[in-house]
Every structure is written in structure tokens, then in C-alpha cells.
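Visitor: I am new to reading protein models. Could you walk me through one, step by step?

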Amino acid sequence: MTSASIPFWGRVKQFYRSLTAAPLKDSDLKYIQRYLSEQERALFFQMDVMDQRHALEAARYAYRAATARGLGHQRHLIVKAALLHDIGKVKGDLPLRARAKYTLFQPKPGKDQNKVWAALKDHAQRGAHMAETFGTEPEVVRLIRGHHNPPQDEAARVLQEADNLY
Ligand SMILES: [Fe+2]
Ligand SMILES: [Fe+2]
């Protein structure tokens with residue numbers, strides 16, 4: 001399922017959840033520490049708290065889904081990718097209006113002139129580049145880069161499902 005195929009009300013719920021995101025707890029910080037290096041954590045904490053919360057929920061789902069589908073050997077990398085998939089959305093970069101427009105109406109590539117919206121559309125590519133620069137595993141970089149494209153394998157499918165659900 002691509003994010004464009006989430007029904008409109010699903011996207012409204014997603015956006016509402018992002019607005020009411022709770023701050024991270026100690027247990028969340030420990031979870032992040034288990035998967036991310038110090039440099040990757042720096043990238044994670046560059047995101048707004050709503051994106052951090054979304055990434056954490058997605059990661060927990062990805063852990064369960066990877067286990068259920070026999071992807072235990074790749075699970076650590078899939079969880080990492082879920083935690084880092086939106087690091088291309090940097091704090092302060094994305095005013096609420098642009099975020100709402102993006103989440104609710106799913107921009108078509110090449111149709112929008114707005115710079116902020118363009119940054120949002122490019123966040124997968126940008127995030128992959130940031131992770132690569134910080135020495136993240138190539139498989140995780142690949143998953144980040146493709147997370148809004150049609151999934152090429154089961155790991156990418158798990159990540160996309162996790163992204164669409166939270
Ligand atoms: Fe994304
Ligand atoms: Fe996401």
C-alpha cells in the first residue's frame with residue numbers, strides 16, 4: 001500500500017495524531033538508544049517531536065511485523081529504518097500548513113512550486129543522504145530512500161505499512 005492509497009479519513013486521523021504527540025519518555029529514549037548510534041540519534045532528535053513519536057510507533061509496529069513475517073534476520077535494520085525514515089523532515093523546516101497540506105492531500109510530483117512543500121516531497125531522498133553521510137548501513141539507507149515508492153521487497157513493505165499506520 002502506498003501512502004497515497006490511505007483513505008482521506010485515515011490521513012485526517014494521522015494528522016490529528018501528529019498534532020497531539022506526547023513527549024518522549026525514558027523508555028522511548030532507551031528504545032532509541034538500543035537501535036541508533038550517537039550520530040543517528042542526533043539525526044533523530046533533529047525532527048519535531050510529532051515526527052519522533054510517529055517514527056517510534058512505526059518502529060514498534062515494524063518490529064512486530066518483521067517478526068511475524070519471518071524477517072527476524074533483517075529486523076534490526078528494518079526497525080532502524082523505521083526510526084530514521086523521516087529524518088529528512090528537519091525541525092522548523094516544515095510549517096504546520098505545509099505539513100497539513102502534505103499529509104491530507106498527498107502532493108503529485110512536479111506539480112507544486114512551493115519551496116517548503118518541495119522539501120517535504122524530497123524528504124525521503126534527503127533523509128537517505130543524511131543517513132549515508134553519518135555512516136548508516138546501506139540497507140537502512142535504501143529503505144529510507146524508497147519509503148514513499150512502491151515497495152520492492154518484504155522489508156520495504158513492512159516499513160511502508162508501519163509508516164501508513166502511525
Ligand atoms: Fe515519509
Ligand atoms: Fe513517516
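Guide: Gladly! Let us start with burial: a residue is buried if 20 or more other C-beta atoms lie within 10 Å of its own, exposed if 12 or fewer, and partly exposed in between, with C-beta atoms placed from the backbone. Helices (H or I, at least four residues) and strands (E, at least two) are DSSP runs, numbered from the N terminus. In helix H10 (residues 154–165), the buried residues are Ala155, Val158, Leu159, Gln160, Ala162 and Asp163.

Visitor: Where does this model come from, and how are its parts numbered?

Guide: It is a predicted model, in which local features need pLDDT of at least 70 and side-chain atom pairs count only at pLDDT 80 or more, while totals for chains, interfaces and linings use all residues. Residues are numbered from 1 along each chain as its sequence is written, and chains are lettered from A and ligands numbered from 1 in the order in which they are written.

Visitor: How many helices and strands does the protein chain have?

Guide: There are 10 helices and zero strands, giving the pattern α-α-α-α-α-α-α-α-α-α along the sequence. Of the chain's 166 residues, 34% count as buried.

Visitor: Which helices do the buried residues of H10 pack against?

Guide: They pack against H4, H5 and H9. Here two residues are in contact if their C-beta atoms, placed from the backbone, lie within 7 Å.

Visitor: What span should H10 have?

Guide: The expected span of a helix is 1.5 Å times one less than its number of residues. For the 12 residues of H10 that gives 16 Å, and the end C-alpha atoms are 16 Å apart, which agrees.

Visitor: At what angle do H4 and H5 pack?

Guide: First, the general idea: axes are lines fitted to C-alpha atoms, for helices over the stretch in contact, and angles run from 0 to 180 degrees between N-to-C directions. Angles under 35 degrees count as roughly parallel, over 145 as roughly antiparallel, 65 to 115 as roughly perpendicular and the rest as oblique. Helix H4 (residues 49–68) and helix H5 (residues 75–84) pack at about 160°, with axes 8 Å apart, so H4 is roughly antiparallel to H5. On the H4 side the contact includes Ala55, Ala58 and Tyr63, and on the H5 side Ile78, Val79 and Leu83 are among the residues. By class, this contact has 10 nonpolar, one polar and one charged residues; Ala, Val, Leu, Ile, Met, Phe, Trp, Tyr, Cys and Pro count as nonpolar, Asp, Glu, Lys and Arg as charged, and the others, Gly among them, as polar.

Visitor: And how do H5 and H9 pack?

Guide: H5 and helix H9 (residues 138–145) pack at about 45°, with axes 9 Å apart, and are therefore oblique to each other. Leu77, Lys80, Ala81 and Leu84 in H5 meet Glu139, Val140, Leu143 and Ile144 in H9. This contact divides into six nonpolar, no polar and two charged residues.

Visitor: What about Phe105, buried or exposed?

Guide: Phe105 lies in helix H6 (residues 96–105) and is exposed, with 10 other C-beta atoms within 10 Å. The C-alpha atoms of Phe105 and Arg11 are separated by 8.4 Å, although these residues are 94 residues apart along the chain.
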